Amino acid sequence: MPDPTLHSRRWWILAVLIISLFTVNLDNTILNVALPTLARDLHAGTSQLQWMVDGYVLLFAGLLLAAGALGDRFGRRRMMLAGLVIFGVGSLASAFAPSAEALILLRAGMGIGGALIVPATLSVTANVFSMEERPKAIGIWTGVSGLGIVAGPVLAGWLLEHFPWGSIFLINVPVVLISIVGTLALVPEARSAQPAKLDIPGAALSVGGLIALVYSVIEGPANGWTSPFELVVFGIAALLLVGFVACELSTPEPLLDVRMLVQPAFGSAVLAVLLTSFGLFGSMFFLSQYLQGVLGFGTMETGFSILPVAIGIAILSPAGMAAFGRIGTRLTVASGMAAVAAGLLLLRQAGTTDGYPVVAITLFLVGGGMGFAMSPLTVVMIRALPVSKQGVASAINSTARELGGALGVAILGSLSAPIYAAGVRPATASLPVQTAGTVHDSLAGAGVVASYLPAPQGAALLGAARSAFVDGMDVAVLVGAVVAIAGAAVAFALLPGRTQTAGRQVESERIEVAAGSSTGLGEAA
């Protein structure tokens, strides 16, 4: 049973944890609304804009497993505090980044801080709540995680309307300070009583393989998918990831026991989380640019226009947990992913002049579908490991979500980029080569060039760029919908039906808890 002292403070502890989680997830999407502004002010092209998003997400995803293991070994609160400091310093420096390249590097540093924070928030949540209350607490954790992703564009829109773009990073600093104080005052220290040895080779191989993989996807259109450089980078990614699997299979205490991934329930839950995030993050990458560059919305209007995602999450996340208890994981998750697919397919109906009603419905379906599916998936994954491994369990969940998001932005962005460039090329035939290249690089670049041309020529160029962008978005979201449908099929085929306890691992280890007690804080999740 949970320690009585900690049990009495459990909801305050959860409040501190979700404030930290909210801030980290906010930064997953807060940049999206600012992308056109950054394209102008920092002269960033499409590839650089993608790396501003993916540089953060990729380091975040790549280091989560190692960070979860560090928390299990050295203390989850300790890792959380270290992450908050790194994240706060990175936010402060990012606000004053002098170039696109500098911002990409600083965002990557913030991703390192986020990787230390997130596994601790979920593992401590699982530790301080009883088995009966844990699904509710995890449901709140998942809902706040989703709302943080959605709140980013809304907050960014308001900030960019009133302040320079650096404000979207400065806003993190006071929240981080509040989180540090709350963590020191309330959050208990917890670690495994028998921690595994650190798997440094496995961590290095996983991080290197993931970085090489996403790099090859982002740069594919620019380099040519079959160019020697692209093939070499992809080959390096494949070798590193195969080496990671081989290393984990031969290591007595692996960073990730990859055999778990072939277990139908656990492996399909990981895959479903990844595919759901693929659709959400991929669509959000396009939508902020579509609303500003195609429909002409301002930054604040764009931020508030994304609110239907939050409404969908707020309404359907609790409904997903209720359905999980009644109809089981399989139908709940498959239904949620089907809603994501339906939303992405509907987005293909958006045009160049009157697309917001379609966008609003799309956002509600995608956000609601994600909320409906994510909480049950998180519970399934947490239940797969004993409490002493909760750091790793929560890291796997977050890795799948972040990697899915990174690949969604990379793959869907890479699919749309050549279609946009080909579509706008005829309209740039009379422009100087360098100016035409700016137009080919991004929709924001086309807007800048159009503003310097005579009115009729500028209007024609901007009209062609908007049409080309919508054409590229149509193809990308169709692929995203197919991915979501595949995820729904996987969930329906492999996830368990009603909640099962027979396959659960029984906790055999106890957690050492600072802050007053060494009593174990929970049964097997």
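Predicted model: local features only at pLDDT ≥ 70, side-chain atom pairs only at ≥ 80, totals over all residues.
Residues are numbered from 1 along each chain as its sequence is written. Local features need pLDDT of at least 70, side-chain atom pairs count only at pLDDT 80 or more, totals for chains, interfaces and linings use all residues, and side-chain values use heavy atoms, without hydrogens and water.

Me: What does the pair Y56 and F87 tie together?
Reply: Y56 lies in helix α3 (residues 46–74) and F87 in helix α4 (residues 76–94), so the pair ties together parts 31 residues apart in sequence. Helices (H or I, at least four residues) are DSSP runs, numbered from the N terminus.

Me: How do you know whether Y56 and F87 are buried or exposed?
Reply: Buried means under 20% relative accessible area, exposed over 50%, partly exposed in between (1.4 Å probe, protein chains only). Y56 has 0%, so Y56 is buried. F87 has 1%, so F87 is buried too.

Me: Why is H43 called exposed?
Reply: Its relative accessible area is 69%, so H43 passes the exposed cut-off. H43 is found in the loop between α2 (10–41) and α3.

Me: What is noted about the phi of H43?
Reply: H43 has a positive phi of about 55°, although it is not a glycine. Most residues other than glycine have a negative phi.

Notes: Helix = DSSP H or I, 4+ residues; strand = E, 2+ residues; numbered from the N terminus.
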